[in-house]
Each structure stands twice: as C-alpha cells, then as structure tokens.
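Let's take a walk through this fold, pocket by pocket. Keep your viewer open as you read.

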Amino acid sequence: MLTLFHHPMFASCRFVRLAFGEYGEELALIEEKPWTRRKEFLALNPAGTLPILLAEGDVPIVGAMVIGEYLDETRGVLKRDKRLFAEDPMGRAEIRRLTDWYLNKADSEVTRHLVRERVLKPVMPETAGGGSPDSAAIRAARANIRQHMKYTNWLAGTRHWLAGSKVTYADLAAAAALSVLDYLGEIDWREHAAAREWYARVKSRPSFRPLLSDRVRGLSPVSHYADLDF
C-alpha cells in the first residue's frame, strides 16, 4: 500500500485521495501539520508542502498534479474508459487547465486563505503564525467565491462533466476544492443549480465517501456536508 502525507482540509490532498479512490486503490494516510516542519517530513520534501506520496520503493513524489501524472502513467493508461485523463492531447490540455484552475487559482484566491484563517490558525502556535483569524483575509476570500462558483456553474451547465463527457481530474480537482468550502459552510448552493447537481453526482461516487467522514477537531462541518441529497 502506498502512503500519502496529507492534511484533511487541503484541497490538493483531497484531490489525490479522490484520484486513487477512483482507481480503487487504498492509501495509507499520515496527517501532517506542515507548520511544525518535522525533520523527517522535510527530508521527504525540503519545501515543506503537501501532498507527498511515498510511491514504490518509498520514493517521495511531491505535489498534487505531479502525483496525478504519476498515477495516470502507472495506473490510468490501463483503465481505458475509467482513465481520468483524455486520450487526445487537446482533451488532456483542457483537463490540466481546469485542474490548475481549482488547485492553484481557486486555492490562491479563496480556499487557502479560509483554511488558514478558520482551520489552521486556531491550532497553530503563535511562533508558527497562529492566533486570531484575520477578518480582512476572510472577507477578501469570501468576495472571490462568487467568481469561482459562477464559472463552475457555467461549466456544469454546458458540459456533462466539467471537462467533457466523462469524469476526469478536472472534476476531482473542483470537487476537492469545493468540498473544503462546503465543509466550512461557505457556499450558497441555491444560487448555483447546475453546480449543485454536478457536485451531488461527484459526492455520490464511492471515491468521495472517505472525504465525507473527515472531521476537524473543534470545527464541525455544515449540517448538509455528508448529505447526498442536499
């Protein structure tokens, strides 16, 4: 069994868990608090970032999409219709674009800041940047949610899945990011019917079940978080 160093509220880590789940492979999970900068953790990745996959031979593979590419090359190409990448170069380009949108753009504008202020800072020591949440950072992140939800709603309303006719890494990246925001109760799904219908379909997939069981100490999810008919 491969091992994933992760944090349950990082979208990038959720993306990797979903991808392995789609291929029916289990992961041994080690929850990491990257702000502690453990010596053993930094030996795997001097940048001190997550996720990190210990692959065959305990070789560390760092970064969500780097892990995704590795997974596609070692498992995905054998899955045919269940492959999470498209077979054609232009299809793969669109999947990569949308994956980058949710794991990088949405993360840098929304998810990362809300997780830091609402989830991490209350449990981090002051020497590592912990303390009271920054209300200005929370307001700025919340102001950016609408743009990303409008775009997701447009994609979901014009395509069967976000990148085309089947589930791909694009759907998993979007679901990973939005599931974090959903846990925190930051999304008003009533305003985004197409996105809500798409998310309900992703949320109902077997690969998503472990994420619905995630809980953060001291911070319960919104009441509908684990409800498939929300």
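Which element gives the most to the lining of the second largest pocket? That's α4, with three residues; helices here are DSSP runs of H or I with at least four residues, strands are E runs of at least two, and numbering starts from the N terminus.

Before going on, some ground rules. This is a predicted model, where local features need pLDDT of at least 70 and side-chain atom pairs count only at pLDDT 80 or more, while totals for chains, interfaces and linings use all residues. Residues are numbered from 1 along each chain as its sequence is written, and side-chain values use heavy atoms, without hydrogens and water.

Now for the largest pocket, which holds about 620 Å³ of space. Its lining counts 25 residues, with Phe 10, Ser 12, Leu 50, Asp 107 and Arg 112 closest to the centre. Two or more lining residues come from each of α1 (11–22), α3 (64–74) and α4 (89–120). Again α4 gives the most, this time 11 residues. A pocket is an open set of points on a 1 Å grid over the protein atoms alone, where a 1.4 Å probe fits, with protein on both sides within 12 Å along at least five of seven lines; lining residues have an atom within 4 Å of a point. Its volume is the space filled by probe spheres set on the points, which are joined across faces, edges and corners.

Back to the second largest pocket, at about 300 Å³. It has 15 lining residues, and His 7, Glu 31, Val 123, Val 216 and Arg 217 sit closest to its centre.
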